[in-house]
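This report describes the fold, the ionic pairs and the surface of the chain shown below.

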Amino acid sequence: MPRGAGRLGLPQGSHLCWLLCAFTLKLCQAEAPVQAEKLSVSTSNLPCWLVEEFVVAEECAPCSNFQAKTTPECGSTGYVEKITCSSSKRNELKSCRSALMEHLFWKFEGAVVGVALVFACLVIVRQGQLDRKALEKVWKQIESI
């Protein structure tokens, strides 16, 4: 019997994949009008730094204990900067990332990559040793014949 004979159409697992794709597409189409309604929200509820240019009045600094409990901007990063919006002249707080924390993050990432490279080299060296031992055993078996 030729390869694939007896099967009709797509392989067995593909039917489920197509069904999930169709369901997801219908779900996305159903949610699309809701997203369009959300986009029509007025910009008065948005922070001014999202809709206009701003000037940083105070650089990024850690939030105080009081700010961390009362200000939602402190929640995501623990750092906040004071800004002044250009056209509305409003003073607001904006969440920001600390340059020190970002520097420490990249140091950590570099250390992780360095450790990964060291262990990758160790694995390669050890694999070479094991391959040589296996080859020696094969040669000994061949010589004993």
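Two strands are taken as paired if DSSP finds at least two bridges between them. Helices (H or I, at least four residues) and strands (E, at least two) are DSSP runs, numbered from the N terminus. This is a predicted model, in which local features need pLDDT of at least 70 and side-chain atom pairs count only at pLDDT 80 or more, whereas totals for chains, interfaces and linings use all residues. Residues are numbered from 1 along each chain as its sequence is written, and side-chain values use heavy atoms, with hydrogens and water left out.

**Fold**

The chain contains five helices and three strands, arranged along the sequence as α-α-β-α-α-β-β-α. The strands form an open sheet with the order β1-β2-β3 and antiparallel pairing. Strands β1 (54–62) and β3 (91–95) are at the edges with a single partner strand each, so one side of each has no neighbour in the sheet. From one strand to the next, the twist averages 25 degrees; here axes are lines fitted to C-alpha atoms, and angles run from 0 to 180 degrees between N-to-C directions.

Strand β2 (residues 79–85) runs antiparallel to β3 and is joined to it by five bridges. On β3, Glu92 and Lys94 make up the covered face, while Asn91, Leu93 and Ser95 make up the uncovered one.

**Burial and salt bridges**

A residue is called buried under 20% relative accessible area, exposed over 50% and partly exposed in between (1.4 Å probe, protein chains only). Of the 145 residues of the chain, 9% are buried. The structure holds three salt bridges, a salt bridge being a side-chain nitrogen of Lys or Arg within 4 Å of a carboxyl oxygen of Asp or Glu.

| Salt bridge | N to O distance |
|---|---|
| Lys82 and Glu58 | 3.7 Å |
| Lys94 and Glu81 | 3.7 Å |
| Glu92 and Arg90 | 2.4 Å |

Lys82 pairs with Glu58 by a salt bridge. Lys82 belongs to strand β2 and Glu58 to strand β1, so this pair ties together parts 24 residues apart in sequence. Lys82 is partly exposed at 37% relative accessibility, and Glu58 is partly exposed at 43%.

A salt bridge also joins Lys94 and Glu81. This pair links distant parts of the chain, with Lys94 in strand β3 and Glu81 in strand β2, 13 residues apart. Lys94 is buried, at 16% relative accessible area, and Glu81 is buried at 10%.

In the pair of Glu92 and Arg90, Glu92 is buried at 18% relative accessibility, whereas Arg90 is partly exposed at 35%.

**Helix α5 and its surface**

A UniProt annotation from an unreviewed entry marks residues 104–125 as "transmembrane region"; such annotations may be inferred rather than shown by experiment. This span is 100% helix and 0% strand, and its end C-alpha atoms lie 32 Å apart.

Val115, Val118, Phe119 and Leu122 make a nonpolar surface patch of about 380 Å². Patches consist of residues with over 30% relative accessible area and no salt bridge, with nonpolar side chains (Val, Leu, Ile, Met, Phe, Trp, Tyr) joined within 5 Å and like charges within 9 Å. Accessible areas come from the Shrake-Rupley method with a 1.4 Å probe. Leu122 is located in helix α5 (residues 99–144) and is partly exposed, with a relative accessible area of 48%.
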